[in-house]
Structure formats: structure tokens, C-alpha cells
Amino acid sequence: MNSRRDFLQKLGISTLALHLAPVSGWANTKNHDNQAYDGPVLRVAIMGLGSYGTRVAEAMQACTKAKLVGVISGTPSKIKEWQTKYSIPEKNCYNYNNFDDIKSNPDIDAVYVITPNGLHHDQVIRVAKAGKHAICEKPMAVNAMEGQEMVDACKKANVKLLVGYRMHFEPKTLEVIRMRKAGDLGKILFFQGLCGFTIGDPTQWRLNKQLAGGGSIMDIGIYAINGARYMTGEEPVWVTAQETKTDPVKFKEGVDETIQFQFGFPSGAAASCLSTYTMNNLDRFFLNGEKGFAELQPSTGYGPIMGRTNKGELNQPVTVHQTVQMDEMAAIIFHNKQPVVPIDGEEAVKDLKIIDAIYLAAKTGKKVEIRL
């Protein structure tokens, strides 16, 4: 099955040699912070053992501050496979019916929910009620109302809610943010975010309105939405949007195929973005300021992110995003470390409010105000 994650992996690797080489050949996978660590280790159970859950599990083998210790799945055969591969004890294995029992399991600190978008809300709230920290893939929910309910539930349970914004820890991305903050680019004028690929299997959950919450915006477009915010350093105050649908059979009602959307920011800066399920070779961020520019291409893929600015090529180290993300999440949970760009539930609700506004703008053809 072709998926966004398969596509991003391929697009992010710029040469055949890199594509064929093991991860350790092109990324700094061990001791990525180059420092010894002897503090607490975040013990994580992964919920949802699909392609991305597998990617996270593999990446966690190189973590120093986080460890995979449990699984939650509706497929017994997958549980057995993971038990063997990752030495997971039987007592840390659950299914979707009984995972509330993790409440009495002191060997699990957090649950990483990596299931279809439409399931996140109920599953994260159950994790919170079980007294475990919740990590959730993005988009965190299918709309802002559900997202806020998740935030409230985790606050009530006194557990943290973190979201899988892996790009918030990517070195070249962080360098562009640093340059923008330092004034190297001058006053920011414009951002462009292009995110898309040709989706495959028409029966997959990503094309199911109930499970996905929408179409391309809920899958690939969220990168441009979130990227527009952290690249400009501002929150959008209005959006306009236009939807194009060429295949109403594959992309049924409520499942967007292609959406173009435009933001306005308080400073007067503007953004123009594209999210699509019918075009390949789209993974580019471009930020333009009065004094310079920054470009990332690929900008969000799993393989090496490539970038340049008006000062030249970006040469920050290549990392395995999920390895760094999980170690950073451990530091946030245990030590209240503050990342450069937030990855908490409140950050995710902002993206969901913007997504709600994009869909409304596309439906009505009107400019929609955004209040975050």
C-alpha cells in the first residue's frame, strides 16, 4: 500500500546510495546529543503496530532516554512478532479492549498512540484516565473541539500530552528558525509550503472520512500548516482556500484531494500552501524576508532534509527524526525541558483550529478569520 510515510521516506533520500544504505550510514543514530546519559528512561508502549509504529520502534533502539517496553494492538500475530523482536514481556502486551489495565502496570510510563486519526480522541483520553502520559501522532484529532477535550482530559489526569511533531527537532529546520529569530532574514514577507504525493490503495483508512477526518489536509497538509507557523514565527489571522477534486470516486464527500490555502499574518506577511493526494515531488518550504531567504527541499521527509539560504547550503547534522523526538520527549516529561517549538496538546489544537478554518473557507469560498 502506497502511503504518505512510504512516499516521504523515498522523497527524503536524495541519492540511490542513500536510499539503499542502512540508516546508520547516513544518520547519527547513537548518542545523537554526544553526551552520556544516566537519568530516568521513559518506558513507552506503542499503540498501533502499522508502518509508522514500526518506524518509531526501530528508531527507538538508538534512544538513550526512551525505551520501547510495551505494545497495544488488535492483531495478536503482530503482538507476538514484536514480543520476539523487541523482547517485550507478556505482561506489557495489551489489545484495544483491555489496555485500560495499564493503569496497574508500573513498568509503562507513556503510551504512543499511532492509530488512524479518528481513533486518537477516545484512545488518548483512555490513556490519560489510566494515569499514563500520552504521546499522539498528528493530527492529534479530527477537529479542534475533540483536540481540546483531549487536552482537558490529560490536564485533569495530571499527565502530559505530547504530539509527534518530529520536525520541531530537525537540525536544519531549527537552523532556519534560529536565523529568522536572529534577524538574518530581515522582516518576513512570505512563506510557501508544498506538500503532496499520489496516494495509492483507494480502500486504505486515509481515504475513509470517519477514520481520517478528511483527506490530504489531515495527512500531508498539516506539515505546511504547522510549518507556516514555525517558519514565520507568527500565527495566521485569516485563511482563504480552494478545493480541487478530479476523482470523486476515490475521493468521496469529505475527503479532500487537493486544497490550496493562503494565510495572512499580523505583520502583513502572507503564506501560500498546497496539500494534495494527486501530485508527486512536492515537499518544499520556502521562506522569504527583506534580507534573505531559506529553502528546505525535502522539507519534511524521513530521509535527509536538504536546505539552503541566501548565505549558502545548510550543513547541520542528519538525524533519525523519531530517535531524537523520543529522547526529547523523555526530557520534556521528566525534566520539563522546553523545546524551541512546542509539541504539546495546545500546539496541536492550534493546528486543528486552522484546519477547521481551511475546510470552512474551502466550503464557503469566503475569507475565514482565525482565532487561536
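Trainee: How many disulfides does the count come to in this model?
Mentor: Good place to start, and keep in mind that the model is predicted. A disulfide is a covalent bond between the sulfur atoms of two cysteines. Here a pair counts when its sulfur atoms are within 2.5 Å. By that rule, the number of disulfides is zero.

Trainee: Are C63 and C195 buried or exposed?
Mentor: A residue is buried when its relative accessible area is under 20%. C63 has a relative accessibility of 13%, so it falls under that cut-off. C195 has 1%, so it does too. For C63 the word is buried, and for C195 it is also buried.

Trainee: Let's step back to the whole chain. How many helices and strands are there?
Mentor: The protein chain holds both kinds of element. The tally is twelve helices and 15 strands.

Trainee: How compact is the chain for its length of 372 residues?
Mentor: The globule rule gives 21 Å for 372 residues. The radius of gyration of the chain is 20 Å, close to that value. The chain is therefore as compact as a globular protein of that length.

Trainee: What box do the C-alpha atoms fill, and what share of the residues is buried?
Mentor: Taken along the principal axes, the box is roughly 55 × 45 × 40 Å. Of the 372 residues, the share that counts as buried is 58%.

Trainee: Among contacts between residues at least 6 apart in sequence, what share joins residues at least 24 apart?
Mentor: A contact here means heavy atoms within 4.5 Å. Among the contacts in question, the share joining residues at least 24 apart is 70%.

Trainee: How far apart do the centres of the positive and negative side chains lie?
Mentor: The chain has 43 positive side chains and 39 negative ones.

Trainee: Can we visit some single residues? Where is V127, and which residues does it contact?
Mentor: V127 sits in helix α6, residues 117-129. At 0% relative accessibility, V127 counts as buried. Leaving aside neighbours within four places in sequence, its contacts are M47, F99, V111, V113, K132, H133 and A134.

Trainee: Which residues is E175 in contact with, leaving aside its neighbours within four places in sequence?
Mentor: E175 belongs to helix α8, which covers residues 171-182. With 16% relative accessibility, E175 counts as buried. Its contacts, with those neighbours left aside, are L314 and Q316.

Trainee: How far apart in space are A62 and A361?
Mentor: A62 lies in the loop between α4 and β2, and it is buried, with a relative accessible area of 12%. A62 and A361 are 299 residues apart in sequence. From C-alpha to C-alpha, they are separated by 43 Å.

Trainee: Which peptide bond is cis, with omega near -10°, and which cis bond has omega about 0°?
Mentor: Most residues other than glycine have a negative phi, and most peptide bonds are trans. P139 is in the loop between β5 and α7, while P298 is in the loop between β12 and β13. The bond with omega near -10° runs from K138 to P139, and the bond with omega about 0° joins Q297 and P298.

Trainee: What is the phi of S87, and is S87 buried or exposed?
Mentor: S87 lies in the loop between α5 and β3. Exposed means over 50% relative accessible area, and S87, at 64%, counts as exposed. Although S87 is not a glycine, its phi is positive, at about 55°.

Trainee: Where is N336, and what is its phi near?
Mentor: N336 is placed in the loop between α11 and α12. It counts as partly exposed, at 48% relative accessibility. N336 is a residue other than glycine with a positive phi, near 55°.

Technical notes. Residues are numbered from 1 along each chain as its sequence is written. This is a predicted model: local features need pLDDT of at least 70, side-chain atom pairs count only at pLDDT 80 or more; totals for chains, interfaces and linings use all residues. Side-chain values use heavy atoms; hydrogens and water are left out. Buried means under 20% relative accessible area, exposed over 50%, partly exposed in between (1.4 Å probe, protein chains only). Helices (H or I, at least four residues) and strands (E, at least two) are DSSP runs, numbered from the N terminus. The radius of gyration is taken over C-alpha atoms; the globule rule is 2.2 Å times the number of residues to the power 0.38. Lys and Arg count as positive and Asp and Glu as negative; His and the chain ends are not counted. The place of a charge is taken as NZ of Lys, CZ of Arg, CG of Asp or CD of Glu.
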